[in-house]
Amino acid sequence: MVHKLFSTLVLLIFISLRGLASQVLIPMDESQKDHLKSYGLAYWVLQNQVEVDWLLNYKGGSFAFAHNPKLENEMVVRGITYQVISDAQYNQVLSKIASPESNMDVMKLEKVPKIAVYSPKTKQPWDDAVTLVLTYAEIPYDVIYDEEVMQGVLPKYDWLHLHHEDFTGQYGKFYMSYRNYPWYIAQQQESEATAKKYGFNKVTQLKLAVVNKIKEFCVGGGFMFAMCSATDTYDIALAADGVDIVAEMFDGDAADPGAQKKLDFSKTFAFKDFIISRNPYDPEFSNIDNQQHERGLMESNDFFQLFTFSAKWDPIPTMLTQNHEKTIKGFMGQTTAFKKQLIKSEVVIMGETKAANEVRYMHGTLGKGTWTFYGGHDPEDYQHHVGEEPTDLALHPNSPGYRLILNNILFPAAKKKKLKT
């Protein structure tokens with residue numbers, strides 16, 4: 001009898017302790033030691049077939065999931081701040097989030113997003129913020145480029161990042177400064193060989209075909225993310241479909257003198273009414289990019305503000321703007337910021353610098369998919385120059401600028417909520 005009572009007591013204690021420690025909460029506010037690795041941990045948990053709750057606007061966009069020793073050990077190894085809480089405590093958190101008065105919501109993450117980075121195979125004299133942060137956060141990805149896109153691999157992926165790229169076929173407009181450099185020559189040779197392989201007479205025609213396949217990827221439900229010059233050159237290429245906008249040194253013949261009037265802005269994702277640069281020695285592609293002399297900003301006062309959205313009614317921009325800070329340090333790139341007056345009215349602006357009338361972070365929908373444009377090159381290197389060493393993200397584990405990139409990485413994992421009828 002005593003043995004039976006003892007066994008029952010042990011069982012009750014076990015059940016009680018399990019109830020006291022059944023959920024893991026990863027806070028994403030200022031208390032988090034490593035925000036960037038926390039995203040990688042959430043991705044890893046999904047890989048282990050455990051559903052993750054993304055607690056929008058709760059302690060900076062925290063993550064929560066069912067506790068088990070394997071997951072807890074991984075958080076210790078990665079140096080992530082976390083708490084183990086009871087079911088009762090977690091239910092209190094969920095009740096607070098569900099309150100109509102709170103601007104919070106729970107987004108269920110279920111799917112492991114398959115990620116591709118569009119990047120050339122030749123060595124480039126600069127690094128890419130997305131590949132840096134994916135590597136640091138330990139999130140796996142595949143590198144693809146023009147050949148893979150032309151072979152039709154995009155439908156295999158959920159999320160596509162466009163590396164620092166020039167989709168107009170002008171090789172980044174680096175002709176004046178770098179045309180005799182080995183990396184520039186290799187890039188040109190690679191592009192010309194690929195164009196020839198797929199039956200194109202010009203690299204501009206190849207790039208347009210790639211741009212249109214990426215557009216099809218978005219329309220079909222893909223998530224596209226672009227930074228720096230991959231943003232404006234993508235839209236310029238779409239608008240210039242069928243129009244020769246590049247000079248002889250890039251494609252062997254002169255540009256169409258009437259090209260500007262022939263641009264079709266109805267084909268673009270984000271931009272309208274822009275004026276292309278006709279000067280092949282000008283590193284700018286158009287007037288979309290807000291130039292340094294136009295901005296009137298320097299590193300000491302260059303910041304942009306994130307918008308606050310309704311978590312319960314606007315879950316997509318809410319997910320994409322999760323952060324522990326709402327004021328983000330600015331950073332430059334070949335394309336730094338977008339003139340607000342050249343952005344289409346249907347685009348959702350998520351971050352802007354009002355003093356310069358410029359947008360830094362925005363997104364939109366296309367068919368069943370979405371796209372996000374983020375201005376600048378490296379969120380932790382204000383003016384990244386060609387040939388500089390890559391940023392060591394171990395020195396910036398709490399970077400709010402890099403967090404915006406990782407928000408986009410997890411976005412495709414979210415379970416789509418059914419509309420109320």
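Trainee: Why does W183 count as buried in this predicted model?

Mentor: Its relative accessibility is 11%. Buried means under 20%, so W183 counts as buried.

Trainee: And what makes Y184 buried or exposed?

Mentor: Y184 has 2% relative accessibility. That value is also set against the cut-off of under 20%, so Y184 counts as buried.

Trainee: Why are the rings of W183 and Y184 called a pair, and of which kind?

Mentor: Their centres are 6.0 Å apart, and rings pair if the centres lie within 6.5 Å. The planes stand at 70°; over 60 degrees counts as edge-to-face, so that is the name for W183 and Y184.

Trainee: How many aromatic pairs does the structure hold?

Mentor: There are 19. Ring pairs also link a cluster, with Y118, Y145, F167 and W371 among its members.

Trainee: What makes K37 a charge over the ring of Y136?

Mentor: K37 lies 4.3 Å from the ring centre, over the face of Y136. The distance limit is within 6 Å. R360 is placed over the face of F331, at 5.2 Å from the ring centre.

Trainee: Why are helices α5 and α15 called roughly perpendicular?

Mentor: The axes of α5 (residues 129–137) and α15 (residues 400–410) cross at roughly 75°. Angles of 65 to 115 degrees count as roughly perpendicular, so the term applies to α5 and α15.

Trainee: Which residues make that contact?

Mentor: A129, V130, L132, V133 and L134 of α5 meet Y402, I405, L406 and I409 of α15. They divide into nine nonpolar, no polar and no charged.

How values were computed:
Residues numbered from 1 in each chain as written. Predicted model: local features only at pLDDT ≥ 70, side-chain atom pairs only at ≥ 80, totals over all residues. Heavy atoms only, no water. Axes fitted to C-alpha atoms, helices over the stretch in contact; angles between N-to-C directions. Helix = DSSP H or I, 4+ residues; strand = E, 2+ residues; numbered from the N terminus. Parallel < 35°, antiparallel > 145°, perpendicular 65-115°, else oblique. Contact = heavy atoms within 4.5 Å. Nonpolar A, V, L, I, M, F, W, Y, C, P; charged D, E, K, R; others polar. Phe/Tyr/Trp six-rings, centres within 6.5 Å; stacked < 30°, edge-to-face > 60°. Buried < 20%, exposed > 50% of the residue type's maximum accessible area, 1.4 Å probe, protein only. Lys NZ or Arg CZ within 6 Å of the ring centre and 35° of its normal.
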